[in-house]
Structure formats: structure tokens, C-alpha cells
Amino acid sequence: MQTDRVEQAMRAGQRLHRIPGGLRLQHNKSVSCELPVAKAALPPRLYVPLPGPIGVGVGLLVKPGQRVRKGDPIARSDPGAGGWVHAPTSGTVDSVVSHPVSHPSGREGPCVVIEPDGLDGWTDLHPLDDWRLADPGELRRVISEAGIVGLGGAVFPTGVKVAEASERGIHTLILNGAECEPYISCDQMLMREQPASIVLGARILQRAVGARRTIIAIEDQMDAVRHALEGALREAAAADIEIVTVAAVYPQGGEKQLVQALTGLEVPGGGRPTDLGLLCQNVATATAVARAVAEGKPLVERIVTVTGNGVRRPRNLLAPVGAPIASLIDQCGGYEPNAARLVLGGPMMGYPLATDSSPVIKAANCILVLTADDIRPPQPEMPCIRCGECARVCPALLLPQQIAWTVRNGLWDEAIDFGLSDCIECGCCDFVCPSHIPLVDWFRHGKLELRLRAAERRRADIARERFEAREARLARIKRERGERMAEKKRVLADEGARQEKIAAAVERARSRNRGKDAT
Amino acid sequence: MLIAVLCFTLLGVLFGLGLGWAARRFRVDSDPVVDRIDALLPQTQCGQCNYPGCRPYAEAIAAGEAQINQCPPGGEAGIRALADLLGVEPLPLNPDNGEEQPRTVAVIDESICIGCTLCIQACPVDAIVGASKQMHTVIEEECTGCDLCLPPCPVDCIAMVVAGPPIEAPAWPRPAGLTGMTGPAPPFAQDPGTR
Amino acid sequence: MIRRFDTGGAPHFPPQTTVARVMLQVIAALVPAVAAHAWFFGPGILVQILLAASFAVVFEAASLAVRRRPLRPFLGDFSAVLTAILFALCIPPLAPWWIALIGMFFAIVVAKHLFGGLGHNLFNPAMVGYVVVLISFPQAMTAWLPPAAIASYSPGLADTLMAIASGGPPGGLSWDAATGATPLDAIRTAVATGRTIAEARQSPIFGDFGGLGWEWIANWYALGGLWLLWRRIIGWEVPVTMIGTVLLLGLAGWLLDPGSNPAPLQHVFSGALIVGAFFIATDPVSGCTSARGRLVFGAGVGVITLVIRRWGGYPDGVAFAVLLMNMFAPLIDRYTRPRIFGHGDRKRGGS
């Protein structure tokens, strides 16, 4: 069985494999790791984004003027659309407004405005009595209702991911602590300061999916992290959890790349690591799971790295969801005079935000403030000279110059053929391109177009089916009517049958009249 | 001289046999062309092409009775895709059949609707829900914007509203590129795909 | 206080390199070889480079203006200058000025801009220019100077300028007196007249491997090429396969018939093979996209060069070989697409 093969591959000496392509980048992380993680001060207002417009799969559970405590559910939605949303702190619900939601498009969306009362008091918490005895299905339910999503950046609903994984059969849980993008250090600080919660989260997730062992992957320059984790493992006497260091090459921390580094196997195109019997979760997600199951606390806050040359005192903050980014930056000493761009995420895969009133969202692992020197001046995009550097650094073994050509000219079939869907949007190709072609922007646009075209084709197919069904129904009705008329005509043509029918009809009419006279 | 003639005749026969064998050996089995044409049409079933639905129009194109430029919902992109498939020159959209418009959906004004079911009977994809003397409403996801429900309505309570763009569409616009060097911009939402 | 920012695309890093920087590094790698060329064969090469570069820039600016493209980014990327230098290195140092004019016209206007400009040309522009003048003006293109060490008369700067401007022979001599055969010419005539190569190699124009002077220039080309390899401006696939194929096939030919086939190293250090391997066949735009494709491309150029040298009508076949392989590059690309991560059979986790 192929999952056995993967297990063997992993046991056979943990020989780490090299990922193709990739870049060695300057880390720029140490400056934000000098201070310990501090709890962010509460801003005057929190803008908690809702997963979608109210009514379209999203139900609002609070009213303006209602008092809430930290952890009270304020909205629920389909698990696939983002799941539950909880109040990040205690206070009063002010209103629901349209506010920027820290989305790449810069659009606004419905946000619940909460005015904190400063007490930050938790609601009544109901942790599981003993998670070691709980049914795995029960664990999955708790994870789902706690609103936990993947905190590595993809924010995929963890409950859904874990449920799908346990159906497939998982033998190894991989906790991804290989924070490979420069500047971001939130996972690193979490592992240094709260290693016990990560070990607990690993144990719970293992039980929830039935994995036999856990591997925590960290990068090879994280010595303090390793020390802290080893201490926690010793205390918990966790024999089935081990720490593996991977090379500090970007994008080693990508899910598919990490699987390749640890096992030497490639996740099948269009598939997931669960196809190989592996479940990958970010270490912060594991901590959130531990809090939800062992303490009953839903996901309402996360560690955010606030860093960059445009911030006076970079550090990591434990920030509530919905806090405007401006309040976080104030707590880090404010902007430097030449701050020029605000990025959510890292310098390779992050996206810029137009305003610092945008709220912290569950996906916000890093707020990066860049100065004018750090960012690319708007260069004219030169034509591709086909130098091939992009193909050399691509970890997905693609030909980015060919994909860009097909996307630019609307050759969608060829774009799929060249592997546009397999692109992980890491930005390595963009980084090395001498013609300054914004390759990742082209690929994101191309993927969007493919999604929209596929949706359009599906709609056309459904319309065709409905049309044909309707035509068939009308034809059937017509046919049945014709048969009934033919039957009637045949009966009427037969003299004997006709007399019988007339007599029966007269009898029916008489009995009806008799019935009417009787009442 | 004679030898030359014989040689050429022999070569011609050999090559002819070779080509015939190759034509049979490498034949590509494909869907009947009507199915492939139908797959490119937007399935609006509106009848603006002067045929009672997309399939009859596809059959007419395959039979050579109709031009490829009679479908407004398919738009310029649809005409290009048909031209590619059939190996003919693309033509501009025939203005007699209509104009290319953004996608619309029908919306029934419930305060005016009298429950007559005439629009339900007219809808080619059964996108209207309702019954006699009950409220009628349009299922937005199923509506193809064909406009066929407007004429039968006796109280004129149906309006065609432009369907909003998909929620992700603004997120990743086409990069600007160097002036004039980026090539033609493929339009979305009118192009039913190239397969 | 709400603060607004401008938004730009990822990655948010300063740019690592530009097209201009790539081209300038290639030009820098050619400088030692150009200096060696001037040392051995006089200042003609420098004048030709100047001429060709000027014509190239003028034609480029004119083409861009006619095509309504922005001038500054394209003129500032030095690609036209590089084309001019490569062209100038292929023509005789005393070629008349209109050779550079016509060559650059065909290289820049026809081969580059008529096909779409930078990044869109199907054929190597320098080679197109060279081949056009080679076929159209055989006399002017075969008037090579012998190396200064053994030449009876070596024109100085003034004589060079006069010769180039007028199109006539230098210093009042006749063309026969001023010019001599190149090593490849000598080999060709030897084979044609039935002498062996060993006999032909007695001529003083031959050095240790290739031609006197030419082998040194080839060494400097090779050094420059290796530097470009180290800087990752070019890939190893094309030079290794091209030179390797020539060595292998040359070895086979020499072992079979040393009388009419020169030794493999002779092949490598003669003519435009080294400069072709590192600077001409490695032109990324007209070559193959993938690494595997480039292996095939380089091998193809090597084979065709040897075939033309042995059996073809011209003494050196590198230019024609490159252009012929440019024709096949899209086809090679189609069949040498690399496997995508997660697809195919190798090391895949799925069933």
C-alpha cells in the first residue's frame, strides 16, 4: 500500500531530500525576535470581518447593543466558508458596517464592530473533560466549532481538513514550523515561548486523525526553538513526536515542498498530502487546537509579527482578530518617516494593503512595513528574454516563462498544460526575472480566469441539462395526452363499452345528488 | 527517359499507398461536430440566433445553414472559438441578432406579480419557481438571462438586472505590462471556453 | 489616524538584476578576447565594433520609433550593442564600412524588430546579419589579415580607417598582398587539392592547436564564457554539448581519416566554435527553453558545424548551424518539456 511505502521512506533514516529550485534569502527575522511576545493593548474599536454577506450562508448571532464576552459566537457560516466567528474580547456590539477586510483586492465587507470594555473577560468555557478519552469525531467537532482555520496563511477550515484526512487514513502528522519567508517570526516565537501547547496540540490532532506519530519540522537556524521544543517533549515524555530540521531554503515551508523534503515523494498534482497519508498543520494551528480542546477557548487571537524597516520597534504581538493594524503599529513605536508600503504577509507572497485601518484577520501572520528603499521602484515590464532563470528556481519544476506567455495571450488550454494550476505562487521566479515581469501577478490572474471560466462552463452545462430535461418533460406530457385521447377515442368507438361508460357516469351523478340530499 | 517515368510512377504509387495507410492508422476519433459546437455555445436558450435553442443552432451551423456570428450571449469570444473549431474566418457579431451585453438575470417584482404562471411556462430552463395564484420568483443561479419571460408577463413585473461580478474578480486584475507589448486581452464572462 | 499607502505587487524586494546588467556582463566577458584580437590582427576590430554599434543603435532607435515603442528602456538594455559586437567579431577587420551597415540593418531591423523586437526574434540577429553579408559579398568577407607576427605588412590605425572608409585594400597594396588564408581556409583547400592536413599544417599560420593568434583569442573567449557560466548568465548545457559533440565526432573523423579530417582540438580552436559555444548559441531568445532542449540544441549545432566544415561550401559552419537549429528550437521545446512536480511516474506518492 502506498501509505506504507511513505512510512518506510520516512523511517528509513530521515534522510532529508533536496527540493528543486528555491532561493536562499536573507532572513531579516532576528530584529523582531529580540523582545518576547506581548499581548497587544485593546484598541478603541474592533472590526471583526464576517465570512460573507449576511444571509448568503452566513448567520449573525448578535444584535447591535448586545453585550458579549470573549469567545461568544457572533456569527456562524458553512464550514467550507470559514466556519464560526467569535468575539475577540468582551464588550458591546456596536453595529455591522462595511469596512476594509484586508483582502488582496482591497474591497470592503461586512464587519461586526465591537467596543471593548477593557476587561477582556472570557465567556463560560466548556473544555472537554479528558480529551484522551474523547471520540475522534468529538474532537473534530470541537475544532470546527472553535472557528479554527489554518494559521500558516491559507486559512483553510481545520475542521474540514481534519475530517477529510481522517477518512483517508493518516499515519503521520507533520507540524510545519519551517517559517521560510523572510521577516516572519511569529511561529518561531510561539515555538520558543509555548512549546508545551504545541506538543499538546500535536497529541490531540494525532488522536483526531488516528496518526501514529508526529514530526515537527523547523529550519536549521532555529537553535533556540529546538532547545525549547526538546524540553517540552522531554516533559511530556512524548516518544512518538520528533523534531526534524530542514534546510533554510525558501520555500521549504510550503506544504508540498516540506513533504518532499521529509519523504522524497511528490504530492500528486491536483492532490493533497493526505493522499500520501500525511496531514500537515501549522504549529500555530496546533496551539489553537490545544486551547480549544483542553481549555475550551475558541480562536480569537493570534501572534502577529510587526516588522520591517518602516516600523520603529519591530516585535511580535498577540493580537485580537479585528484590531486595526494601525493600533498594532502604534504599539511598536509607530512608523519611520520613510514608510512607503504596508504588506500583509511576507515580502514574497504577501499582498499590500491600502489603509492601516484594515483589521487583523486570522490569516495575518505578519504586518510588514517597507520603506521606499526596500520595494521595487515601478520598473517598466520588459519583454521576456527567455533566460530561463525562472525555470531554474521554480520549486514546482514549471516553465514560468511559458506559462506567462500563455496567460498573456489567453491560451488557456496551453496554460493548464504547462501546469498553471500546480504553481504555488512562491514568487521565486518573480524574484530573479531580469525583465521585471510580475510573474506571480500574471499567474494569480491566470488562475482566477481559469476558475471563472470553469464556473461559466459549469453553469452552461447545468443550463443545458435543465433545458433538455424540460424539453423531455414537455414531450412526455404531450405524448401521454395523445395516448389518453387515443384511448378515449377507441373506447367511444366501441358501442358496448360506450353504453357502459354512460351508465356509470349517470350512476355517479345520481349517487352524488343522493348524497347532497341526504346532508 | 522511360526509366525516369517508371521511377516516378512507382514512387507515386508507393507514396499514395503510404498516405492512405497513414490516414487510416492515425485517424483521430472525435465527437460529432454538432456536440463540439454545442459545447462552445453559452446555453442561454434565448433564441436570439433565430433558432429555438442552442442545440438547433449548433445543428444549423454544422449543416451549413447558419453563420457563426448569430449568438450575442456568446459574444466575440464565442465567435472566435467557433471559428477556431471550424477552421473558418471569424465574423463580427451580426447586429440583426442583437448586441453583446453583460450577463443579466431576471428579477420579479413581488409586489406586482399576480401568479399567472405564464413566465414559468416560458422559461426554457425552469428557473422560475411558483404555482398558480402563488408568488413566483426567479432562482438567480439558474437564470441564463435569455429574456423569454418578459413578453408573456401581463403585468410587466419582470426586470433584467446586470448580474454582479464574481466576488473574487477584482482581486487579481490583469497586470498592465509595457505599453503595447502585452497582447490582446482575453475577455471573460462572454467566452464559453475553447474546448 | 488612518494612513493610506500605495499598493504594488509582490515580491516586495528590490530588483536583483536587469536586462541591461545581463547584457553588460556578456559584453564584459568579450573584452579580453577583443583585446587579444586587436593585439594579433590590428586595430581594425575596434573600428568595426564602433561602426557596427553605432549603426545598431541608430537602427534600433528608428525601429522603435516606427513601432511606437518607448525608446529609453529598450535602448538602455544594450542588447543592440551586444549584437553589434558579436557581428563585428565575425567579419574581417578591414571589411568596408557598408558591410557593417548592411549587416546591422538585417540584424536589427529584419531579424529582430520585424519579428517583434527584444524577446520575440526567432533567429539569432547577429548571425542573420553575418550570413546575409557573407553570402552577398563573398570577396569582402574573405579578405582576412594574417596575424601581425607573421604578416609582411600590418596596417596601423590610419591605414585601417582609410581602408574601411574606402573599401579598398590598405596601404596601397593589393588585396592579394595584404590578406591571407585563415586556418580553416587552408584545411579546406588542402583537402580539395588532395594534400593531407598534416602537410597543410606546416604553414606558418598554424599555431599549436588552431591558427596562430586565433587559438589565443579562442582561449580568451573560453575564459570569458566560463566567467559567464560562474555568474549564471548562461547555462552549461549548450557549451558542453556543442564542444563535446565536436570533440567526439572530430575524434571519430580524425581516427578514421587523419589525412582529410583535422584533429578534434584543431576543430575546437578554429573558426567561431568557442565564441559560438559560449556567446552565440547561448542566446536565450532564439534557443531552447528547457535544459533538456538546450542539450539537444547544442549537440545539433555541433553536428551541423562539423558537417558543413567537412562537406559544405563554406569553411566555417557555425553561423549556418546556429540558424538552422534556431529553426528547430520550437520543435525541440515541444518534445523536451520537463516533468512537472507531482505529475509523471518518477517519485510520485500517488498510485
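## Strand pairing in chain A

A:Leu344 has A:Ile367 of strand E17 of chain A as its bridge partner. The two strands concerned, E15 (residues 339-344) and E17 (residues 366-371) of chain A, run antiparallel to each other and pair over 5 bridges. The model is predicted.

Both strands belong to an open sheet of 6 strands in chain A, with the order E1-E14-E13-E17-E15-E16 and mixed pairing. At its edges are strand E1 (38-39) and strand E16 (351-353) of chain A, each of which pairs on one side only. Strands of a sheet pair through backbone hydrogen bonds, in either the parallel or the antiparallel sense.

## Helix H4 of chain A

Helix H4 (residues 186-193) of chain A lies across strands E13 (301-307), E14 and E17 of chain A. The angle between H4 and E13 of chain A is about 120°.

The buried residues are A:Cys186, A:Asp187, A:Gln188, A:Met189, A:Leu190 and A:Met191. A residue counts as buried here if 20 or more other C-beta atoms lie within 10 Å of its own.

## Confidence in chain A

Chain A has a mean pLDDT of 87, and 96% of its residues reach 70 or more. Among the elements of chain A, strand E14 (residues 315-320) has the highest mean pLDDT, 94. The lowest, 64, belongs to helix H1 (residues 2-11) of chain A.

## Domains of chain A

Chain A is assigned a domain 1, made up of 2-41 and 123-305, and a domain 2, covering 380-519. The centres of these two domains of chain A, taken over C-alpha atoms, are separated by 39 Å.

Contact between them involves 12 residues of domain 1 of chain A and 11 residues of domain 2 of chain A. On the domain 1 side of chain A, the touching residues comprise 5 nonpolar, 6 polar and 1 charged.

## Chain B

Chain B contains 5 helices and 4 strands. Along the sequence these elements follow the pattern α-α-α-α-β-α-β-β-β. Chain B has 195 residues, of which 26% count as buried. For contacts in chain B between residues at least 6 apart in sequence, 61% join residues at least 24 apart.

The domain assignment divides chain B into domain 1 (33-97) and domain 2 (102-164). Taken over C-alpha atoms, the centres of the two domains of chain B are 25 Å apart. In chain B, 6 residues of domain 1 are in contact with 7 residues of domain 2. The side of domain 1 of chain B that touches domain 2 of chain B has 1 nonpolar residue, 5 polar residues and no charged residues.

## Contacts between chains C and A

How many residues of chain C are in contact with chain A? There are 43 such residues in chain C, and they are in contact with 60 residues of chain A. Helix H1 (residues 19-41) of chain C supplies the largest share of the chain C side, 3 residues.

By class, the residues of chain C that touch chain A divide into 17 nonpolar, 18 polar and 8 charged.

Definitions and conventions:
Residues numbered from 1 in each chain as written. Chains lettered and ligands numbered in written order. Predicted model: local features only at pLDDT ≥ 70, side-chain atom pairs only at ≥ 80, totals over all residues. pLDDT = per-residue confidence, 0-100. Buried ≥ 20, exposed ≤ 12 C-beta atoms within 10 Å, placed from the backbone. Contact = placed C-beta atoms within 7 Å. Pairing = 2+ DSSP bridges. Axes fitted to C-alpha atoms, helices over the stretch in contact; angles between N-to-C directions. Domains from an automatic or database assignment. Nonpolar A, V, L, I, M, F, W, Y, C, P; charged D, E, K, R; others polar.
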